[in-house]
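Hi,

Here is the structure for your files. Please open it alongside this note; my findings follow below.

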Amino acid sequence: MTAPGAAYASPSPPSSPAEPTPPSDASRESDASLEKVRKEIEKLYHDAGVATDAYNAAEEKADKQSEQIVKLAKDIAKGEAKLKKLKARAGAAARAQYRGGGLPDEARLMLSDDPGQFLDGAGRMRQGEKATKSMLTELDRTQDDLRIYAKDATARWKKLEANRKAKAASKKKIKKKIAAAEKLESRLEKKERDRLRELEEDAALKRQSAWVGSGVLKDIDGKATLQGRKAVEFATAQIGKPYVWGAEGPGAYDCSGLTSKAWAKAGRGIPRTSQEQWKQLPRIDVKNMRPGDLIIYHSDASHVGMYLGDGAIVHAPRPGRDVTIAGAGSMRILGVVRPDK
């Protein structure tokens with residue numbers, strides 16, 4: 001599946017007049033300056049992407065820890081109710097002994113002259129001792145459980161607070177990097193911004209052409225599974241929606257928000273971040289790719305796109321861009337992972 005008129009598998013060179021006019025010195029100087037700006041903006045957005053992955057990871061951990069704390073709170077409440085009942089039973093036994101004059105059951109038994117009463121009392125005494133021992137054991141165990149629950153809850157609260165701080169730090173870094181990139185771009189005139197966009201596209205096309213030119217696609221002919229087709233259909237249906245860091249639909253996505261949601265819709269839950277997708281999902285050779293597989297980009301696994309076939313991916317690029325189709329080799333590939341079998 002590719003965009004109408006797109007040729008990601010074998011991009012053709014741009015047409016040129018028979019005798020092209022060489023660019024002027026001013027034009028070359030302008031492009032060199034803009035290329036420097038492009039690389040700086042690209043790095044800022046890359047750093048924002050790394051921070052976004054950290055933000056998403058902290059958010060996911062915080063959500064899980066909150067669920068665990070809620071479960072622990074319920075366990076503590078049940079334990080406290082149980083402890084209250086056990087203490088009430090122990091109190092009732094103590095009051096019964098007091099009403100009996102404080103004389104122990106063993107002493108009353110020894111004073112009995114009736115053999116039948118003696119045997120019957122001995123049996124009841126053994127049962128009572130057994131029940132009392134069981135009750136006291138259960139009381140101790142319940143108190144121990146409550147101590148463990150409280151200790152565990154305290155530890156999880158500390159982790160939750162640490163993740164909240166990590167999330168806040170990542171959020172601050174994301175905003176700072178995006179603001180710096182936007183500030184750089186805002187200094188340019190419209191003509192320069194248009195040319196900057198052209199330079200971005202040229203750089204992506206150059207990388208894609210080199211990737212395709214290596215012959216990497218000649219052995220790739222994998223067919224999508226049913227789940228893979230569903231994931232691709234969902235992901236491509238999001239084309240045109242904006243990139244928003246931390247977003248996972250329905251109106252906007254970041255890169256891993258798009259891929260994780262697409263596979264969730266296909267019936268396969270996968271990790272939320274591109275770094276965890278790289279760590280946890282099975283890795284495959286590029287030559288064995290099929291539609292629906294995820295291509296992980298950059299040495300730090302900070303970006304991800306979904307392979308469509310014909311050398312193309314669908315992905316959410318960066319802030320200021322929309323979900324789109326691009327060349328699979330237009331960025332540095334770290335590796336490929338497969339969500340389904």
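Glu42 is partly exposed, at 39% relative accessibility. Keep in mind that this is a predicted model. Glu42 forms a salt bridge with Arg207, with 3.9 Å between the closest N and O atoms. That distance passes because the cut-off for a salt bridge is 4 Å. The pair links distant parts of the chain: Glu42 is in helix H1 (residues 25–99), Arg207 is in helix H4 (residues 190–213), and 165 residues separate them. Arg207 is partly exposed too, with a relative accessible area of 33%.

In total, the structure holds 19 salt bridges. Two others are described here.

Start with helix H4. Glu198 pairs with Arg195 in a salt bridge, the closest N and O atoms being 2.8 Å apart. Both residues lie in helix H4, three residues apart, or about one turn of the helix. Glu198 has 40% relative accessibility and counts as partly exposed. Arg195 also counts as partly exposed, at 25%.

Next, helix H3. Asp152 and Arg156 meet through their side chains in a salt bridge, at 3.2 Å from N to O. How far apart are Asp152 and Arg156 in helix H3? They are four residues apart in this helix (residues 115–186), so about one helical turn separates them. Asp152 is partly exposed at 27% relative accessibility. Arg156 is partly exposed at 24%. Why do such pairs form? Side chains of opposite charge can pair when their charged atoms come close.

Now the serine. Ser302 sits in the loop between strand E2 (294–297) and strand E3 (303–309). Is Ser302 buried or exposed? Its relative accessible area is 4%, so Ser302 is buried; the cut-off for buried is under 20%. The side chain of Ser302 makes a polar contact of 2.8 Å with the side chain of Asp300. Which residues are in contact with Ser302, leaving aside its neighbours within four places in sequence? They are His46, Gly49, Val50, Cys255, Ser274 and Tyr297.

Best wishes

Notes: Residues are numbered from 1 along each chain as its sequence is written. This is a predicted model: local features need pLDDT of at least 70, side-chain atom pairs count only at pLDDT 80 or more; totals for chains, interfaces and linings use all residues. Side-chain values use heavy atoms; hydrogens and water are left out. Helices (H or I, at least four residues) and strands (E, at least two) are DSSP runs, numbered from the N terminus. Buried means under 20% relative accessible area, exposed over 50%, partly exposed in between (1.4 Å probe, protein chains only). A polar contact is a pair of N or O atoms within 3.5 Å; within protein, one must be able to donate a hydrogen and the other to accept it, and residues adjacent in sequence count only if both atoms are side-chain atoms. Contact means heavy atoms within 4.5 Å.
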